[in-house]
Amino acid sequence: MRSRGLPDTGWPPHVLSRTRCVVLLAVGALVAVGALEQGLGARALAAQPAAESAVKTVVIPVEGMACVACAASVKRALKTIDGVAAVEVNLEQRAARVTYMPGKVTPDRLVAAINKLGYRAGTPKEVE
Ligand SMILES: [Cu+2]
């Protein structure tokens, strides 16, 4: 009688406290995951300026450009190369200014792309 009475009164609070414990654990896990994500996010943000500063800019002399259409085609060809971030072609100065990601493309490839169009690219000069 006594042993049957004890579980009857003892079970509900026990189950309740166990449920609360599980909820607390879940909340704790969520907080931990949140903190982890925040940490990763901060690390990703910190890595971004480093990647941007890794971008380089070169000025490549280009001979053979006679008109704006020439300059436009040189610009288009350079811009389509993977790893090229920005291109400015100056017809008067006969030069192409290219900002690129060194990990993805090399100045040699930029020169080759210009030469392939039928123009003559000079030695790329690194600029700020
Ligand atoms: Cu032209």
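A residue is termed buried if 20 or more other C-beta atoms lie within 10 Å of its own, exposed if 12 or fewer do, and partly exposed in between, with C-beta atoms placed from the backbone. The model is predicted, so that local features need pLDDT of at least 70 and side-chain atom pairs count only at pLDDT 80 or more, whereas totals for chains, interfaces and linings use all residues. Residues are numbered from 1 along each chain as its sequence is written.

The protein chain comprises three helices and five strands, taken as DSSP runs numbered from the N terminus (helices H or I, at least four residues; strands E, at least two), and these elements follow the order α-β-α-β-β-α-β-β from the N terminus on. Of its 128 residues, 14% are buried.

The face of α2 turned away from its buried side carries the exposed residues Val 68, Ala 69 and Arg 76, while Ala 71, Val 74 and Leu 78 of this helix are buried. Seen down the helix axis, the buried residues of α2 fall within an arc of 65° and so line one face, the arc being that of the directions from the axis to the C-beta atoms. These buried residues pack against β1, β2 (84–90), β3 and α3, where contact requires C-beta atoms, placed from the backbone, to lie within 7 Å.

Leaving aside neighbours within four places in sequence, Leu 110 is in contact with Ile 60, Leu 78, Ile 81, Val 98, Val 105 and Pro 124. Among contacts in the protein chain with a separation of 6 or more, 61% join residues 24 or more positions apart.

Methods
Two residues are in contact if their C-beta atoms, placed from the backbone, lie within 7 Å.
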